[in-house]
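The following paragraphs lead through one protein model, from a single side chain to the chain as a whole. Please keep the sequence and the coordinates at hand while reading.

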Amino acid sequence: MTKSILLFFLFIATVFSAQQNLKIDGIIINSNQEKIALPIAVYLLDADNQLLKTTIAQDSKFEFDQLKSGNYHIQLSSDDIIQNEKPFNLEKNLALKIIFEPKSSQIEEVTINAKKKIFKVENGNITLDVANSPLNTLPTSTELLSKLPFVMMDANGEGLSFVGKGTPLLYVDNQRVDFAILSSIAVDDIKSVEIIRNPSVKYESEGKAVIKVNLKKSRKDGSQLSISETATFQKRFSNYFAVNFQQKKNKTEWKLNTAYNQINHWESNGFDYSVPSRNISSDYVIKSITKRPQTIFGASLYQELNDGGDYITVTLNSNFRPDKGDNNTDTFYSENGNSTDVKTLNQQNRKRATINSIFNYKKKLTDWDADILTGFQYKRESDNVDYSFFNNTNNEGYEFNQSRKQSYSGNVYSGRIDIEKKWSENYLFELGASYTKAETNTNNTTNYLNNPSPEYYQYLFKESNVAGYMNLAVTASKWNISGGLRTETTNAEGFDQLENETKIKREYLDWFPNAEISFKQNDNYDYALNFRKSISRPNYGNLASGGLYGSPYVEYQGNPDLIPTYTNTLTFTTNLNKISVNASAYSSKNPLGYTLVYDDDRNISKFTAVNFDKESGVSLGVDVPLQGKKWTSQNSLSVNYDKVEDSLAVLKKSTPYVYFSTNNTVNVWKYLSVLLDGSYITKRVEGLYENNAMCLVNLGLTSSVSDFDFTVRYNDVFNQMNYIQKMSYDKIASTGTFFGNTPTISIAAKYNFGKLKKSNYKEKAVNENANRL
């Protein structure tokens, strides 16, 4: 099947290329038939005056290739002079001689209407232009992320994954962030989003893919204020209100943003499982309905120190999200032929907070032609929750069972230095080092109905990481070769404060090479081969979190024994005019996954994270952008094969699966656009896992009138966002279902005051492990 699809794509690419192989060769001279030494920009426009291609005349010569037959005209520009040539029809290769007079005193001014591409694919990486598309009217950055190709949002809307690559790294500009911080950024502040499928050694070794959000930037003085309001109708109603302000004057720029979101949260999942060795069968469904008011605040300062490019930045972000309400679990449990029905009520009062701050100092060393950036970052995460549990067994009425008071906090301190040195136009050398220190505390107390002695759990986890990297990029003619190496030493210690015993003592020395070789045949054809070794470390909370009581038979727990996952990835990409083809293969050691595990001592099942033995996979994909006068479309298709293996699991024969995503915008008229996007993934068996097929379709209307933006959205039209996963691991065979909080109808309005086109704002990632909190 894979070979057939590959041959089909190659055939399509060949036909597509054959239809666009016309060429224009041109020479520019003056009225004396002499070549012109001045640099001249040459623009190629179509019959509708849309800009198609741009080049700079070299030695008075220029060239446009890979053209279709049709009507075109050429425009020349040098300094303030613009000269338009007569339109012509292109049916075969054409040689042009153009007379251009730089000293002309009067040239008619012509406006070029260039349609910007919303999507751009280069070297296998996809860039989505948010600011210049109707996507900038989406109500939240979380919804924006759900529109990205290959990105799948969790059913609870608090995390995401990348098809075939697991959990991606998240960046805002050059600062690494976690999902809580990223989801608090206003869409109005976002310029573009990059999906980096082949990250270089400059990016942290954590993860196999990067999602980078680039904020809007400007160099003009001014101020801008925007106010937005979004009403969202899901299984429960939620409201989002945000205010964003930014101002720049001379060399100083500062930003403020705040939001208050009144979220009525709904979440549900369930498992149908059996333990044959104990003659146990059970199924349960847990549903959480809570009020989750969210307060978001952000502030940043950018200060230029001189005209040489030196600057400092200071940034502060916070996200406070209490969560109060009830969790209800309905459980049917059978053991040795004796069955029980239990309804469990969990009264929850939870307070979560995230604070993130960063300081950067950038210095340009003119004599060395080098840039140095130093930075410091601090992040704190806290999660304090009180639970009260009541059980209603066989409809006999609710009785108090236990209460749990759990406190978790984590602090991460980081510092780094990055040096970039250009030896010449063909050599770029990068060198950097970083230090990270993390410490988390877990303090839990459990009180039982019939036990006067509370149960305590106190756990301290410490980790320090020292990393260094270097990277050399060499450009020679049409070839580009880069190679880098990152090394990390990690010390981790887990200490049980009650038992006064060290549970974890680990020391790592890891090497992470990265290499890429690319060849650029011309502007339309290029090829690249990339190799990368990466690591995925477990979240600190997974290493030391206390248990969550679901019912008398099921608990949710962390796993202090988790170890990192190491992955080697080889990727090939090629751009064939507008079509991009990519292929990759990877193998992982100790991949992390979630499953039910049976506890013989306590006779309960635990939902927890574990390390499996190994994982491997291959993929073949194609990205195809389409664009008309009023319609733009980005389409991505991939055929994938993944296999997860473990000695404790019952493995099924892995099968290939297909993933397809599309994003379409139709400009009905000047102030109104219709949006259609969606994704489809087929049923797939990945050795240990068996997952369901899903087809997500989203519709929308967006309108901009004066300073107002209005958007109406209807997401998951066919109510397909339910994740179903089957597996047999250790003693348990289970089928888990995670129910999506859809369909979703949202109505958004935004008003913009003032105008600030661009900003100098820059910041650099310091903390490489912030998301693990």
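Is D386 buried, partly exposed or exposed? D386 is partly exposed, its relative accessible area being 32%. Here buried means under 20% relative accessible area, exposed means over 50%, and partly exposed is in between (1.4 Å probe, protein chains only). The model is a predicted one, in which local features need pLDDT of at least 70 and side-chain atom pairs count only at pLDDT 80 or more, while totals for chains, interfaces and linings use all residues. Residues are numbered from 1 along each chain as its sequence is written, and side-chain values use heavy atoms, with hydrogens and water left out.

The side chain of D386 meets that of K405 in a salt bridge, at 3.5 Å from N to O. The pair links distant parts of the chain, 19 residues apart, with D386 in strand β24 (residues 370–393) and K405 in strand β25 (residues 398–424). K405 is exposed, at a relative accessible area of 53%. A salt bridge is counted when a side-chain nitrogen of Lys or Arg is within 4 Å of a carboxyl oxygen of Asp or Glu; by this rule there are 25 salt bridges. Strands (E, at least two residues) and helices (H or I, at least four) are DSSP runs, numbered from the N terminus.

Another salt bridge joins E493 and K505, whose closest N and O atoms are 3.4 Å apart. E493 belongs to strand β28 (residues 479–496) and K505 to strand β29 (residues 501–520), so this pair ties together parts 12 residues apart in sequence. E493 is partly exposed at 30% relative accessible area, and K505 is exposed at 60%.

In a further salt bridge, the side chains of E690 and K652 meet at 2.6 Å, N to O. Because E690 lies in strand β42 (residues 689–691) and K652 in the loop between β38 (631–645) and β39 (657–669), the pair ties together parts that are 38 residues apart in sequence. E690 is buried, with a relative accessible area of 13%, whereas K652 is partly exposed at 41%.

Strand β10 (residues 125–129) is largely enclosed by the rest of the structure, because 4 of its 5 residues are buried. It runs antiparallel to strand β15 (residues 190–196), and 4 bridges join the two; strands pair if DSSP finds at least two bridges between them. D129 stands opposite S192 in β15.

The protein chain as a whole has 4 helices and 47 strands. Of its 773 residues, 51% are buried.
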